[in-house]
Structures are given as C-alpha cells and as structure tokens.
Amino acid sequence: MSDARSTILSRIAAAHGRPPEADAPEEVSRRLRERPMGPQLHWQDSDRERFLARLHAASATVDRVADLGDAAAALEDYLNRERLEDPAVLAPHPLLHELPLPGALRRALSGDDRTAVTVAFAGVAETGSLALLSGSDTPTAYNFLPEHLVCVLEAKRIVANLEDLWARIRAERGTLPRTVNLVTGPSRTADVEQTIQLGAHGPRRLHVLLLEGEA
Amino acid sequence: MKSTAHQFVANARAALADEQLKVALDHAGTGFVDKRRAALAELPEFESLRQAAREIKDHTLAQLDHYLLRFERQVQSAGGQVHWARDSEEAQQIVVRLCREAGAARVAKGKSMVGEEIGINPALEQAGFDVIETDLGEYIIQLADEPPSHIIAPAVHKNRAQIAALFREHHSRYGPERPLDTIPELVDEARQVLRQQFLDADVGITGANFLIADSGSAIIVTNEGNGDLSATLPRSHIVLAGIDKIVPTLEDATVLLRLLARSATGQPFTAYTTVFTGPKRAEDSAGPAQFHVVLVDNGRSEMLAGPFREMLRCIRCGACLNHCPVYGAVGGHAYGWVYPGPMGAVLTPLMLGEGQADDLPNASTLCGRCEQVCPMSIPLPQLLREHRHRQHLRKAEPARARWAIAVWAQLAKRPRLYRKVMGLGTALLARIARGRGRLRSVPLAGAWTASRDLPAPQGPTFLQQWAARRDTDKERP
C-alpha cells in the first residue's frame, strides 16, 4: 500500500520536475491559512428575502412564526393540512424541548416515522439552503428518513453566502462535525425521462418554520 | 468494465439506427441545454467564477502532492483512513479488503464515476458481496446490466416503458397487477425497494465531487439523497475519488459548487450538498464507525506531466456531453466505455491505453461547443487534436486517410499546382452538378454522400475570386 502512495507522490513530483517529498512551498501553507475567497453572488433584496425566494424556487414551503408557541400551532396546522395522523418525531434539540406540542414524540427516529422535526444550524441566502449539522441534538438520519422534514430555523441565523456559513461553523464549532448537510428543497430525481419527481429517497416535502423572534 | 471503445464505428452505426434512443437523446439534449442557459442567464458572475475556478484547479494541480498529503493528514486526524491506489486493480483490492474487514455482506452504492472506471461492482460481486446501486438512474441500468450512458444521467437512454418492464421483471413480489405507468409510480416503487437496501447495508460506497485538503472532508452533491443515506446508515463509509478531486479549502470548493449544478442540470444548487469529515463522533447516534477514502490515480499522475494536464480540471458536470452534436446523435454507449462525449473522447484513450480507443478523438467535428460551455475552460478540441496528432505519429490512422493527407500535403506545398488542381476540381464538380446546386454522389466520397448531398461549387475558387477582386481594386482610383 505504502508503495502505491510513494509511487503516486513521486510521479506527481516528477511531473513538476521536483524531487519527491519536497517541503510544501509557502504558497500552499498561505492558501490553507488565509483561505482566499472567490467571486461571490450579489442580489438586490435583503438576505432574508433572497433566502425565502430561493427556498420557494427549490419547492420547499415555509411558515413565518413569531415564537415557539406559534411554531407549535403552525406545525399542527401542517400535519392537519397534509393529513398526517401520526405525531411528529422531534429531534432532541434544546429549542424543541420548549416546543409546546403535547402530541409530539420525543424518541429516537425509526425508518417508519413519516414526519420528523429538526433544527437548522443556519440558512444560506445565496442558495436557499438549510445547513444541518450532525450532532447529539440534531442526528443526520432525521434529514433523510422521513417523508416530511420540518425544520426550525431562527431568522437571525440566516447568513448571506456559503463562505459566511463556513466561517460561522468554524467560529461556533471549531472543527467540522461528521456531516454538514446543505439541504435545498425536498429530495428529487429526474432519472425517468428527465422529468423532475419529488421524493426520490429522502423527504417528499421540506417545510421550514422560520422563527422570527426579536431579531 | 469491458470496453467496446475500439469498435466505435459499429457502435455508432447501431445507435443511429435505434429510433427509441433518438427520441430519448433529442428530449434530454434540449432539456439540459435550455436549463443550463436559463441558469446562466441569472448568473452575471459566470465568467469571473469560471476564471477563478480555473485558477483554483491550476494552482492545486501544480501543488497536487502537497495538497494530497495535507488531505491525508487531516482525514487521519478526524479519525478516518486514506488508501492509495495506482490503478483499477489496486483500487478494487483495497475496497474488497475494506468490505471484508467490515464483516460486510451487503454494500449500498451511491453514484460514482470513478467506481465505474475501476469496475468496482463486478469486483465486489466476484468477491461475494451483494452490491446495490442506489441512485435511481444507476439502479435502473444495474437491473438492465448496462453501463451508464451519461455521467450525470446514467439511464438517460431509457424510456418509461423500458423502466417499467425492468421493474416488473425484477420486483415480481409486488405482483403483476400493479400500475406502473406514471413516473411517480416508478419512483415510489424504487424508493420502497431501495429504502430496505439502505437499512440492510453494512458498507456504503460513494464517490466525491470534491476533497478538501484543509479539513480532510469529502463533498458529495446529489438530488435524491441516496448518497447521504449510503454514507449515513451503514457502519462503514468508503469514498472513492480520483486524485484530481482535491481542492485546498471549502472556500475553493464553493467557487466550483457555484458552477457545477448550473452547468450540469441547470439547477442553481442541488437538493443535497454534503460535507463529510471523518467517521461518526462519540455524540452521534447515526453515522459510520469507519471512514475510508480511496485515492485513485489510474493514469492521472501521467496526465499531469503532459499536454493533457488541463483535462484534470474536469469537474464531471456533463455540459460538454449535452452540447456535443456527436453525443446527441449516438448517445453514450457508442463510446464503448465509462466516459462518453468530448470529455470521454479525451479521457478514454488515456485510461485504456494506446490503440484501444483511437476512433473516439476522431468522432468530432471540432465545432468547439464543448470548450465554450465548459465551466473549467478545458480546451477539449485542442486535446482531441493532440490525440489525433499522436495517432498520426504512430501511424495509427487508416491507410486511406494517411494516403489522402500525403497527397494533399504534396499539393499544398506547391501553391501554383494546388490552385490549378482546385480550379479544375471545382469546375468538374460544378459540371457534374449541371446547375442543380448539389451532388447526390461524388466519386471516392460515397460514405460522405450516403447520408447527405454535397453542395456543388457555385463559381470560381476563393483564390481566383481574391485575385480578381485585388485586380479590380487596383484599377480603382
């Protein structure tokens, strides 16, 4: 195995006419240290409006709610609207502990649960994505197993672009978790006759509860 | 996978005669082209992103060994392992060993072009593992026992009825009476079948769109969510990636992400873009205990040394396929191996070796549309010409072509004779056409005129006209 490693590395070095296992030049360490940013996208609207517009374009739906009480009511409405008789399963996130929803289940998610509720680390205005980080309070399986994924996002956690998201993760978490899922709308496929069909393997619906709070 | 790239001419002929294929290709081709155009119309930053993307890749390739080493260190410090494979065989052995060590019986696969390249499915099946493709397109062609015909839409050549027939054959447990006529019915049935496969799998294998040197992460971009389920539910996650997938930082990957989906499907961003870093952490309830990255060379380090280096910028978006008139006519299978279209015509001869795919670089009009749409500014026509040049140097073209070029070269070196012969030739063709404006057949060019008419020359040659015009210009005061 290490043979393959040294062969590949020396072939690469030879292609550049330098000896194998040379020290990395300063430009490499500088790039890793400074992480220069490329061209970014620009938009006229506020970040929040851009986020909502992109979310909508990606076939996600949204309820804007003032507080957790409103969020619980909106969730109840959603379940009724979608005729989901089984209660939703809530991720063990502190924010959801306070969600006044007596019927909700607070247990590990199983493959048969149709509706799951989780909490986003951030929203990205550029793409309309929810950034969902793996961790004890927001397990990754919630993002993919249910048919209906309901995601709570605090409006103050909308960042402008992807670079802002990376910076925020580094600032708040230090290192990257096992997974950072950027979820942009429900699961979809166009593998049958190039026709978009929602709900391929992951959620058929993505519903966002945008918690406006005092921000 | 066994290649039929050496028999491109026969493959193409069969493809051109396939009416169903023609309908599928026409439909897909215009869809992809229109969607990309619409996405770029909303992206005034396209040219500056493209320039930045090129610089990122050129910089990374120039320091590739250093970034790979950094990547390896970071994967290890996140608790994962990196494995190096010089070629397909070595890569297969590594993956088979990792699956054995994981005590696996079932393997769920996310879509991976490098997986196709190294033939990982047959290798795993031969070693006794159950392998199931989970991307819907890949699953369909796995049932059909066919290779992908497009790098981002593997089953683009199949229509709804063909897919329904495959499902009826392979999912007989659902009974013959069930309706399978609509796209939702087909997608739902696949969802049901594959969901169980995810839950049962011991190992998940995915590709990677980007590897991040700075953090030791793999980025995977999908729409279905199958890559994420493959990477999350099984107890071991194996990432297969070419060494060219590396970029220094998440910020660099961000530039490429802004181009990738727009160039591929015309989406501003796919439904799922995931950054995976190491195995699951102590606090995670789900996620694999093992995280492996297999770095595959398979000819890439050699490409780095020569004129094909620019091909290593490729991010596998498929825009060059979608805009290629040849791909649009013959489809992906005619190319005979894993990578079709312009990018395939450059890569296949390099990966399969001299003489194994000589027709591919010649199956191009060099119209240049591929280079125009390539988000990474890869000079595909120039690379195709480089292949042709190499074939010429090792005398690999057909004798007739060599002979014709030799005669033409002799003429071209003698301008006066050249003009005379051309003048005679055009006059002769005009005469044969007898004022009809076109020729149904031309001696020695039967293959060319078999499917189209040759427009007949309408007057004197360009040089004759040029000379005449210069003379009249001189006479003017």
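Biologist: How many salt bridges does the rule find across the interface of chain A and chain B?
Modeller: The rule asks for a side-chain nitrogen of Lys or Arg within 4 Å of a carboxyl oxygen of Asp or Glu. Applied across the interface of chain A and chain B, the number of salt bridges found is 10.

Biologist: What kind of model is this?
Modeller: Residues are numbered from 1 along each chain as its sequence is written, and chains are lettered from A and ligands numbered from 1 in the order in which they are written. Side-chain values use heavy atoms, with hydrogens and water left out; local features need pLDDT of at least 70, side-chain atom pairs count only at pLDDT 80 or more, and totals for chains, interfaces and linings use all residues, this being a predicted model.

Biologist: Which residue of chain B forms a salt bridge with A:Arg204?
Modeller: In this pair the closest N and O atoms are 2.8 Å apart. The partner of A:Arg204 is B:Asp188.

Biologist: Why does the salt bridge of A:Glu126 and B:Arg258 join two chains, and in which helix does B:Arg258 lie?
Modeller: The side chains of A:Glu126 and B:Arg258 meet in a salt bridge at 2.6 Å, N to O. The pair joins two chains because A:Glu126 lies in the loop between β4 and β5 of chain A, while B:Arg258 belongs to chain B, in helix α12 (residues 250-264).

Biologist: What area is buried between chain A and chain B?
Modeller: Counting contact as heavy atoms within 4.5 Å, 75 residues of chain A are in contact with 100 residues of chain B. Buried area is the accessible area (1.4 Å probe) that two parts lose on being put together, summed over both. Carbon and sulfur atoms give 57% of the area buried between the two chains, which comes to about 7300 Å². On the side of chain A, 13% of what is buried comes from the three residues that together lose the most area to chain B, A:Arg178, A:Asp191 and A:His201, within that total of about 7300 Å².

Biologist: Which element gives the largest share of the side of chain A that touches chain B?
Modeller: Polar contacts (pairs of N or O atoms within 3.5 Å; within protein, one able to donate a hydrogen and the other to accept it, residues adjacent in sequence counting only if both atoms are side-chain atoms) link 45 residue pairs across this interface, both residues being at pLDDT 80 or more. Helices (H or I, at least four residues) and strands (E, at least two) are DSSP runs, numbered from the N terminus. Elements of chain A giving two or more residues to this side include α1 (2-15), α7 (162-173) and β8 (179-183). The largest share, 10 residues, comes from α1(A).

Biologist: Which strand of chain B is joined to β8(A)?
Modeller: Two strands pair if DSSP finds at least two bridges between them. Here there are five bridges in an antiparallel run, and A:Val180 has B:Val275 as its bridge partner. The strand of chain B, residues 272-276, is β9(B).

Biologist: What is the pairing in the open sheet of eight strands?
Modeller: The order is β7(A)-β4(A)-β5(A)-β8(A)-β9(B)-β6(B)-β5(B)-β8(B). At the edges, β7 (158-159) of chain A and β8 (246-247) of chain B each pair on one side only. Within chain B, three bridges join β5 (210-212) to β6 (217-222), which run antiparallel, while the pairing of the sheet as a whole is mixed.

Biologist: Which strands stand at the edges of the six-stranded open sheet of chain B?
Modeller: This sheet has parallel pairing in the order β1-β10-β7-β4-β2-β3. Each edge strand has a single partner, so one side of each is left without a neighbour in the sheet; the two are β1 (81-85) and β3 (130-133).

Biologist: Which residue of β3(B) stands opposite B:Lys109?
Modeller: β2(B) and β3(B) pair in the parallel sense over four bridges. In β4(B), the bridge partner of B:Lys109 is B:Ile205, and in β3(B) the residue opposite is B:Glu133.
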